Number of protein chains: 2
Amino acid sequence: MAEELVLLTFWPSAFGIRLKIALAEKGINYEYKEENLWNKSDLLLKVNPVHKKIPVLIHNGKPICESLIQVQYLDEVWHDKTPLLPSDPYQKAIARFWGDYIDKKIYEQGSQICKTKGEEQATAKKEFIDTLKVLEGELGDKTYFGGDNFGYVDIALVAFYGWFHAYEKCGDFSIEEECPKLIAWAKRCMQKDSVAKSLPDHEKIYEFLLQMKEALGFE
Amino acid sequence: MAEELVLLTFWPSAFGIRLKIALAEKGINYEYKEENLWNKSDLLLKVNPVHKKIPVLIHNGKPICESLIQVQYLDEVWHDKTPLLPSDPYQKAIARFWGDYIDKKIYEQGSQICKTKGEEQATAKKEFIDTLKVLEGELGDKTYFGGDNFGYVDIALVAFYGWFHAYEKCGDFSIEEECPKLIAWAKRCMQKDSVAKSLPDHEKIYEFLLQMKEALGFE
């Protein structure tokens, strides 16, 4: 049977970008469908009735939701092409732990920087940097989170790198000054085609954020 | 090498109860260590320096954190004993999706019922019941979430069943009236030794909750 794979997403979504990177790493062909989050398609409501959120991966008509579950799915189905998770159960648990850590922190904390001002924003920036420092500690002197090979945790985090510029502009701070090793890692990831071609231009993301803030009534 | 497995947890924790059930299902021997959350042990701070939370599973000296990651780890290492996750990648993604859904909703929503009053509590109850109805819909007429065999999603959810009585007492409502099929499923799970022996008495959990509310200054 010919494989039919659809990625339903919205271009600035870091969660969707994870999928673009994973699919590029594995060299899997797919159909890209852009979703309009202000006027959700019938398709989205049908394939993700629980959360009604992108990204959704549709494989031979069957939907899979939640980006890190999707990346694991791709890695299990296309297991012979560029493994993303380690095969050892302990190393796999460690990768899942850091993926989960990133999911629990980065999006929320980054958004807080953009939604707040003054003291509240200072707290948001501190929490965000604290999180990045924990990740920088885990990275240590390794090339990638899993060691020599780019993989699951790198994908989970680097998908947000396109948003770092927007966070910095909103919060008037430099992430590189605080976490130079982590930014060096992000730049290393960006040397990979799979990453460079999947991340939208960071100015475009910042412009999108400004439009969103205006639409939602944030100053 | 003799396997050395330690479960560090705190008896009322539904997250820790998941591990007790999974370990019982697989018939794995382990050492149970009770943690004092009001005076965290050096061991806990050492094995989970990031979140400083129980449960922690320590396998041959190596810590694994986050309960659903731990259950997946047990299932991968002891793969020949009572599989908990399906082997098919799509069915596995579906199980992970529902495990994640339970993690995102049940604890927070249940706690909200216990921490609030009046209109705020009415909202918390509605949200909690809405979540359970989604889960009841997913269960449908199946014996367990995965079909005929008790597994990952059952473990993720039934670990909270011991807390349902406390939520009902705090919120003055009946979960069974709202979700009879889900409660029938929970009772079916309770017929299994692995579940019945792992869940603390629900009155004891309610008493613990009352003590916590008093200690934290909730009325």
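A few ground rules come first. Because this is a predicted model, local features need pLDDT of at least 70 and side-chain atom pairs count only at pLDDT 80 or more, while totals for chains, interfaces and linings use all residues. Residues are numbered from 1 along each chain as its sequence is written, chains are lettered from A and ligands numbered from 1 in the order in which they are written, and side-chain values use heavy atoms, with hydrogens and water left out.

Start with the place where the chains meet. Here 24 residues of chain B are in contact (heavy atoms within 4.5 Å) with 24 residues of chain A. Together the two chains bury about 2,200 Å², and 70% of that is on carbon and sulfur atoms; buried area is the accessible area (1.4 Å probe) that two parts lose on being put together, summed over both. Four salt bridges cross this interface, a salt bridge being a side-chain nitrogen of Lys or Arg within 4 Å of a carboxyl oxygen of Asp or Glu. A:Lys104 and B:Glu66 pair up in a salt bridge, with 2.7 Å from N to O. A:Glu66, B:Asp100 and B:Lys104 are joined in a network of salt bridges.

Six residue pairs, both members at pLDDT 80 or more, also make polar contacts across the interface of chain B and chain A. A polar contact is a pair of N or O atoms within 3.5 Å; within protein, one must be able to donate a hydrogen and the other to accept it, and residues adjacent in sequence count only if both atoms are side-chain atoms. On chain B, the elements giving two or more residues to the side that touches chain A are β4 (62-65), α3 and α4 (89-115). Helices (H or I, at least four residues) and strands (E, at least two) are DSSP runs, numbered from the N terminus. The largest share of that side, eleven residues, comes from α4(B). Sorted by class, the side of chain B that touches chain A has 15 nonpolar, two polar and seven charged residues. For this sorting, Ala, Val, Leu, Ile, Met, Phe, Trp, Tyr, Cys and Pro count as nonpolar, Asp, Glu, Lys and Arg as charged, and the others, Gly among them, as polar.

Strand β4 of chain B holds B:Ile64. With 2% relative accessibility, B:Ile64 counts as buried; the cut-offs are under 20% relative accessible area for buried, over 50% for exposed, and partly exposed in between (1.4 Å probe, protein chains only). Leaving aside neighbours within four places in sequence, B:Ile64 has contacts that include A:Tyr90 and A:Ala93, along with B:Ile69, B:Gln70 and B:Tyr73.

Next comes helix α3 of chain B (residues 67-77), where nine of the eleven residues are buried, so the helix is largely enclosed by the rest of the structure. Among the buried ones are B:Ile69, B:Gln70, B:Tyr73 and B:Asp75. B:Asp75 is charged, yet it counts as buried at 9% relative accessibility. Neighbours within four places in sequence aside, B:Asp75 is in contact with B:Lys26, B:Thr82, B:Pro83, B:Leu84 and B:Leu85.

Then there is the largest nonpolar core, which has 150 residues; those with the most contacts inside it are A:Leu132, A:Leu135, A:Trp185, B:Leu132, B:Leu135 and B:Trp185. Such a core is a set of buried Ala, Val, Leu, Ile, Met, Phe, Trp, Tyr and Cys residues joined through side-chain atoms within 4.5 Å. B:Phe164, in helix α7 (residues 161-171) of chain B, is buried at 5% relative accessible area. Not counting residues up to four places away in sequence, B:Phe164 touches B:Phe128, B:Leu132, B:Ile175 and B:Ile183.

Finally, back to charges: the whole structure has 22 salt bridges over all chains. In one of them, B:Lys192 meets B:Glu25 at 3.8 Å, N to O. This pair links distant parts of the chain, 167 residues apart: B:Lys192 sits in the loop between α9 (180-190) and α10 (193-196), and B:Glu25 in helix α1 (residues 14-26) of chain B. B:Lys192 is partly exposed at 24%, whereas B:Glu25 is buried at 14% relative accessibility.
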